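Dear colleague,

I am passing on the structure below, together with notes on what a geometric analysis found in it. Please read the notes with the model open beside them.

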Amino acid sequence: MQNSQRTPGVVPGRLDQASYNRNFDELHPPLDAHEAHVAADRCYFCHDAPCVTACPTDIDIPMFIRQIQTGTPDNAARTILEQNILGGMCARVCPTETLCEEVCVRQVAEGSPVEIGQLQRYATDHLMEQGIHPFTRAAETGKRVAVVGAGPAGLSCAHRLAMRGHDVVIFDAREKAGGLNEFGIAAYKTVGDYASFEVDWLLKIGGIELRTGMKLGENLTLDELREGFDAVFLGIGLPGVNALRVEGEAHAHVRDAVDFIAELRQAEDLSKLPVGREVVVIGGGMTAVDAAIQSKLLGAEHVTMVYRRGRERLSASTFEQELAAARGVRIILNAQPVAFNSTDGQTVSSVTFAYTEDTPNGLQPSEETFTLPADQVLKAIGQSLQGVPGVVETEGGKIVVTGPGRTSLDGVWAGGDCAAGGDDLTVTAVADGRDAAEDIHLALVGEAAVAAE
């Protein structure tokens, strides 16, 4: 018998196939050539454009939009990719509404920005779909660099190093490269296995070897890497998941949202992916929003996102909050879980929350509580650093870096989510990896050689 939204428990097949296809179609369909030209015509091509300043990778946005306007989208793509080699993915997942488009002169004056993200996608897709890789390697330097982590920071670093003529080996704990682009982003934002396609395209530069199933602190050590390579870059992200330490957290169907999203991203048939009827998501960031929306899209009847602080502290953008609400997700603020309840002693059946209050002594639970039914709970309360040897200085759960990713250990750089500073965004990680690669290149060949390039 076919399950439905009203079927109790955590079960697959709540919707018909047409609904799955419709729900997980592109959030923003791509522009065609005519639409791209119309969108490009809205750009004022500002001098000292604020959108460039707001872009973590410093893409010359007016330039690439002008190139689209003049009918040379491949040149536009090169302008983008010179600064952001993962420009195709960033065009899909960047919170442009809080970065380049937020400061667009059109947005400030009219409340309607130039569609920078969509135009970036149009240009990069036009080039990449032809199988063109616009960069070639410099003469080989004879230097070898180890990159740990095949996420945005690691891939960006590896590509720039390979382009400078170094040989690079990327080590990654998973069996598939891509990091959060592959495993941690909502499926409706990157349809058609785009993350894998982009990795394969990036590797066309040559000089990069990918070794999967290699995890720092388990079957890979920093000492071995420092002995076997001329430099090391750590782009390992935040592989640990924080615990709530709440009574009943070990009950069945209380799980980490990042694992839920990763499972969904790798599922070949969404109708076989189980989801609860009553889903509660705990957290207020992008991961919480992605988990909540996708639970609803999989057929959950009721999805509630609960965050312990007020709306002004939500790290999810206003656009993402509105998207969640539009998909039927209820958002409750100023409440934190105090118990995961179970009617059978094994499987979660409800969650009890206490309302919270901001006090001079920090966030405090009040005496007033409420209980939500829940046959599935997804925890999205942040991730933590794991596997970094104690010889590398850390602070506040991040690797301490100076300048372009230099750690406290000679010959070791770091960037992306695992490193201190910046936002935990794909585009920021790309910038970290690129800048660290240039600094590594300088350290390996010297200032004179770099100046002569």
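Tyr194 and Phe197 both sit in helix α11 (residues 194-202), 3 residues apart, which is about one turn of the helix; helices here are DSSP runs of H or I with at least four residues, strands are runs of E with at least two, and both are numbered from the N terminus. Tyr194 is buried at 6% relative accessibility, whereas Phe197 is partly exposed, with a relative accessible area of 34% (buried means under 20% relative accessible area, exposed over 50%, and partly exposed in between, with a 1.4 Å probe and protein chains only). Arg92 lies over the face of Tyr194, at 3.7 Å from the ring centre, and Arg66 lies over the face of Phe45, at 3.8 Å from the ring centre; a charge sits over a ring if NZ of Lys or CZ of Arg is within 6 Å of the ring centre and within 35 degrees of the ring normal.

Before going on, a word on conventions. This is a predicted model, in which local features need pLDDT of at least 70 and side-chain atom pairs count only at pLDDT 80 or more, while totals for chains, interfaces and linings use all residues. Residues are numbered from 1 along each chain as its sequence is written, and side-chain values use heavy atoms, with hydrogens and water left out.

A search of the whole structure finds 4 aromatic pairs. In one of them, the rings of Tyr194 and Phe197 have centres 5.8 Å apart and planes at 45°, so the pair is tilted; rings of Phe, Tyr and Trp (its six-membered ring) pair if their centres lie within 6.5 Å, and planes under 30 degrees apart count as stacked, over 60 as edge-to-face and the rest as tilted.

Phe353, Tyr355 and Phe370 form one aromatic cluster. Phe370 is buried, at a relative accessible area of 15%, while Tyr355 is partly exposed at 30%. The ring centres of Tyr355 and Phe370 lie 4.9 Å apart with the planes at 40°, so this pair is tilted. Tyr355 belongs to strand β13 (residues 350-359) and Phe370 to strand β14 (residues 362-373), so the pair ties together parts that are 15 residues apart in sequence.

In helix α5 (residues 73-83), the buried residues are Pro73, Ala76, Ala77, Thr79, Ile80 and Leu81. What covers them includes α4 (61-69), α6 (87-93), α8 (116-128) and α11.

Finally, Glu320 is placed in helix α15 (residues 318-326) and counts as buried, at 5% relative accessibility. Glu320 touches Lys189, Met286, Val289 and Asp290, not counting residues up to four places away in sequence, where contact means heavy atoms within 4.5 Å.
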